[in-house]
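Q: Could you walk me through this model one feature at a time, with the general idea before each case?
A: Gladly; let us look at it together.

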Amino acid sequence: MTGRIAVIGSNMVDLVTYTDRMPRKGETIEAPEFSMGFGGKGSNQAVAAARLGADVLMLTKVGDDMFGPNTRQNYINNGIDARYVDTVPGASSGVAPIFVDSSAENCIFIIKGANGQLMPADVDRAEADLKTCKLIILQLEIPLETVYHAIEFGARHGIETLLNPAPAAPDLDLSKCLKASFLVPNETELATLTQMPTENTEQVVAAARVLIAKGIKTVVVTMGKKGAMLVTQDRQDFIPGFDRIKAIDTTGAGDAYIGSFAHFYVASGDVLSSLKKAALYAADAVTKPGTQKSYASAEEFAAFCQKYGV
């Protein structure tokens, strides 16, 4: 099983502040460091897959500001097909102010900008190229109607789809997502989807089983450094986290996981093996600061695995 991956999703410019602690309400504190980088869930996932060698097609919208041309060039620099990266006149590009504390935990604001204008018609316009893909990846930083349309497009043309329901959207209509091949929430997003507690592994499995009962074929729940849980109709598998490293910055780790999983899965067709490799790839990413710039190439990832004997 080899082929192309399409990402229909968001782009952001990350504005990252590193701080010893988060300020309290109304408080001003000095932060020691700031950096800018390319981000957005869709773009992060696309770059992670491309860095590993995947053939990636990106559908997204940028603003006509200073960030737009740089974002498009970033795709090209990473070997991503950017033919469907369109500029929206009069719109800002998406930006994400991110705050990272000394324990590597983060808080993030999302301003969608031009991402909010990626519409179903844009999916249809790319139909000929999308039909050459093996997997379509989606997230929720674009209009929900576009997400629903893309899932339906995949089902109609026999293309597998992966929906990362992030950021958590209480207004997501799950009935319009049942044809997705994979649903990959984290614990918080799973709780939003099911209105069930997800504080331990047993609760996570119970909530995931509710989604399976509704018709989702495969649910993968990411649980940060604790690992992930794969749940289908007839099985459940725990994929442990990789705890032999020191996390520096967890920003974008979930996107690294999904993008790398997509690459490994499209290359092998083996879900469980691909999830195990994705856990290692995400572990490598959190040992470095930043989002996309923390994502390893295939050669760098091989060196990481060799270093830790995995």
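Q: In which loop does Pro167 lie?
A: This is a predicted model, and in it Pro167 sits in the loop between strand 9 and strand 10. The peptide bond joining Ala166 and Pro167 is cis, with omega about -5°.

Q: What is the order of strands in the open sheet of four strands?
A: The general idea comes first: strands of a sheet pair through backbone hydrogen bonds, either parallel or antiparallel. Here the order is 3-2-6-7, and the pairing is mixed. Strand 3 (33–39) and strand 7 (106–108) are at the edges; each has a single partner strand, so one side of each is left without a neighbour in the sheet. On average, neighbouring strands of this sheet are turned by 20° against each other, direction ignored.

Q: In which sense do strand 6 and strand 7 pair, parallel or antiparallel?
A: Antiparallel: strand 6 (residues 95–100) and strand 7 are joined over three bridges. One of the residues to look for is Val100, whose bridge partner in strand 7 is Asn106. The loop between strand 6 and strand 7 holds Ala104. Phi of Ala104 is near 75°, a positive value in a residue other than glycine. With 1% relative accessibility, Ala104 counts as buried.

Q: Which strands does helix 2 lie across?
A: Helix 2 (residues 67–77) lies across strand 2 (12–18), strand 3 and strand 6, and runs at about 65° to strand 3.

Q: What is the strand order in the open sheet of nine strands?
A: Read it as 5-4-1-8-9-10-11-12-13, again with mixed pairing. The edges are taken by strand 5 (81–88) and strand 13 (236–240), each with a single partner strand, so one side of each is left without a neighbour in the sheet. Inside this order, strand 10 (residues 182–183) and strand 11 (residues 218–222) pair in the parallel sense over two bridges. Leu183 has Val219 as its bridge partner in strand 11. Helix 8 (residues 253–268) lies across several strands, among them strand 1 (4–8), strand 8 (133–138) and strand 12 (227–232), and runs at about 165° to strand 8.

Q: At what angle do the axes of helix 6 and helix 7 cross?
A: Two packed helices are described by the angle between their axes and the distance between the axes. For helix 6 (residues 187–194) and helix 7 (residues 201–214), the axes come within 10 Å and cross at roughly 50°. The two helices are therefore oblique to each other. The crossing of helix 6 past helix 7 is left-handed.

Q: Which residues of helix 6 and helix 7 meet?
A: From helix 6 come Glu187, Leu190, Leu193 and Thr194, which meet Val204, Ala207, Ala208 and Leu211 of helix 7. By class, this contact has six nonpolar, one polar and one charged residues. In the loop between the two helices you will find Gln195, with a positive phi near 60°. Gln195 counts as exposed, at 68% relative accessibility.

Q: How many residues of helix 1 are buried?
A: Nine of the eleven residues in helix 1 (residues 41–51) are buried, and the helix is mostly covered. Gly42, Asn44 and Val47 are among them. Just after helix 1, Gly53 takes a positive phi of about 110°.

Q: Is Ser297 buried or exposed?
A: Ser297 counts as buried because its relative accessibility is 17%, under the 20% cut-off. Its place is in the loop between helix 9 (271–285) and helix 10 (298–308). Leaving aside neighbours within four places in sequence, Ser297 is in contact with Arg51 and Leu52.

Notes: Residues numbered from 1 in each chain as written. Predicted model: local features only at pLDDT ≥ 70, side-chain atom pairs only at ≥ 80, totals over all residues. Heavy atoms only, no water. Pairing = 2+ DSSP bridges. Axes fitted to C-alpha atoms, helices over the stretch in contact; angles between N-to-C directions. Contact = heavy atoms within 4.5 Å. Buried < 20%, exposed > 50% of the residue type's maximum accessible area, 1.4 Å probe, protein only. Parallel < 35°, antiparallel > 145°, perpendicular 65-115°, else oblique. Left-handed = near helix turned anticlockwise from the far one by under 90°. Nonpolar A, V, L, I, M, F, W, Y, C, P; charged D, E, K, R; others polar.
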